[in-house]
Amino acid sequence: MITFICSAVLFDLDGVLVDSTRSVERQWRIWAREQGIDAEKVTAVAHGVRAVEVIRTVAPHLDAEAELRKLEGREADDRDGVAAMPGAVELVHAIPDGRWGVVTSGTRHLASARLRLFGIPVPRVMITADDVANGKPHPAPYLKGAELLGASPAECLVIEDAPAGIQSANASGMKVIALTSTYPAAALNEADIVISKLDRIQVALDSARMLKVTVG
């Protein structure tokens with residue numbers, strides 16, 4: 001058992017609050033085949049990173065913004081196998097409003113659609129691919145999330161599922177809980193603790209109104 005005392009919790013979205021890994025991989029593989037690109041090369045770098053940056057890396061000859069719009073529309077329509085992560089709704093409802101946010105490499109349109117689809121509240125603070133010039137693993141997304149929540153980065157706790165997100169949080173000076181929903185535990189060893197399910201996390205307020213996050 002480990003306990004974190006923090007002011008705020010920042011969640012990644014895909015693979016943390018929403019189980020969308022199969023949809024994401026499916027759409028990237030379709031896109032890769034259409035472009036004549038090795039799908040394994042694409043999916044190896046696609047998780048936890050802004051799609052526009054993935055496209056620029058694997059297909060610099062393409063119009064990344066145009067391809068992004070195509071992918072975004074397809075992902076929004078692809079609901080096969082997409083679901084709320086077990087325990088996600090209960091966990092965010094256990095955290096006071098204004099003390100949590102979402103930091104995702106997806107676009108705002110896609111993130112909002114996925115949250116609403118499964119009855120997960122859209123938080124006051126949501127940092128998306130549209131809000132930062134540098135995506136994960138750069139620290140900018142999580143630093144922006146802390147800033148908008150009015151919390152010190154050192155007093156923020158991150159819940160992530162991808163190495164790029166863990167690196168972003170670590171570079172921001174934040175503690176990290178990693179979830180093995182997308183990558184094996186061995187790939188997430190830069191996190192402070194690695195777990196398999198969200199229901200291992202319990203949240204309460206301590207006497208100083210700080211969040212006491214316990215991982216059992």
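Visitor: What covers the buried residues of α6?
Guide: The cover includes β3 (18–19), α1, α4 and β6 (125–127). Keep in mind that this is a predicted model.

Visitor: And which residues of α6 are buried?
Guide: They are Leu110, Ala111, Ser112, Arg114 and Leu115.

Visitor: What follows α6?
Guide: Glycine 119 does, and its phi is positive, near 70 degrees.

Visitor: Where else is there a positive phi, in a residue other than glycine?
Guide: Look at arginine 209, with phi near 65 degrees. Arginine 209 is in the loop between β10 (201–205) and β11 (211–215). Most residues other than glycine have a negative phi.

Visitor: Is arginine 209 buried or exposed?
Guide: Exposed, because its relative accessible area is 52% and the cut-off for exposed is over 50%.

Visitor: Let's switch to pockets. How much space lies in the largest pocket?
Guide: About 430 Å³. Its lining has 31 residues. Val49, Arg50, Ala51, Ser105 and Gly106 lie nearest the centre.

Visitor: Which elements give two or more residues to that lining?
Guide: There are α1 (21–35), α3 (51–58), α4 (64–77) and α6 (108–117). The largest share, 5 residues, comes from α4.

Visitor: What classes of residue line the largest pocket?
Guide: The lining has 11 nonpolar, 10 polar and 10 charged residues.

Visitor: Back to α4. Is aspartate 77 in that helix buried or exposed?
Guide: Aspartate 77 lies in α4. It counts as exposed because its relative accessibility is 67%.

Visitor: Which residues line it?
Guide: Among them are Arg50, Thr104, Ser105, Ile127 and Lys136. By class, the lining has 4 nonpolar, 4 polar and 2 charged residues.

Visitor: Now the core. How many residues are in the largest nonpolar core?
Guide: It has 32. Those with the most contacts inside it are Phe11, Leu17, Ile159, Ile177, Ile201 and Val213. A second, separate core of 21 residues includes Val103, Ile127, Ala151 and Cys156.

Visitor: What does valine 213 touch, leaving aside its neighbours within four places in sequence?
Guide: Its contacts include Ile2, Phe4, Cys6, Leu157, Ile177 and Ile201.

Visitor: You mentioned cysteines. How many disulfides are there?
Guide: The structure holds 0. For cysteine 6, the nearest cysteine sulfur is that of cysteine 156, 7.6 Å away.

Visitor: Why does cysteine 6 count as buried?
Guide: Because its relative accessibility is 2%, and buried means under 20%. Cysteine 156 also counts as buried, because its relative accessibility is 2%.

How values were computed. Residues numbered from 1 in each chain as written. Predicted model: local features only at pLDDT ≥ 70, side-chain atom pairs only at ≥ 80, totals over all residues. Heavy atoms only, no water. 1 Å grid on protein atoms, 1.4 Å probe; cavity = no way out; pocket = protein on both sides within 12 Å on 5 of 7 lines; lining within 4 Å. Nonpolar A, V, L, I, M, F, W, Y, C, P; charged D, E, K, R; others polar. Core = buried A, V, L, I, M, F, W, Y, C linked by side-chain atoms within 4.5 Å. Buried < 20%, exposed > 50% of the residue type's maximum accessible area, 1.4 Å probe, protein only. Contact = heavy atoms within 4.5 Å. Disulfide = S-S within 2.5 Å. Points joined across faces, edges and corners; volume = space filled by probe spheres on them. Helix = DSSP H or I, 4+ residues; strand = E, 2+ residues; numbered from the N terminus.
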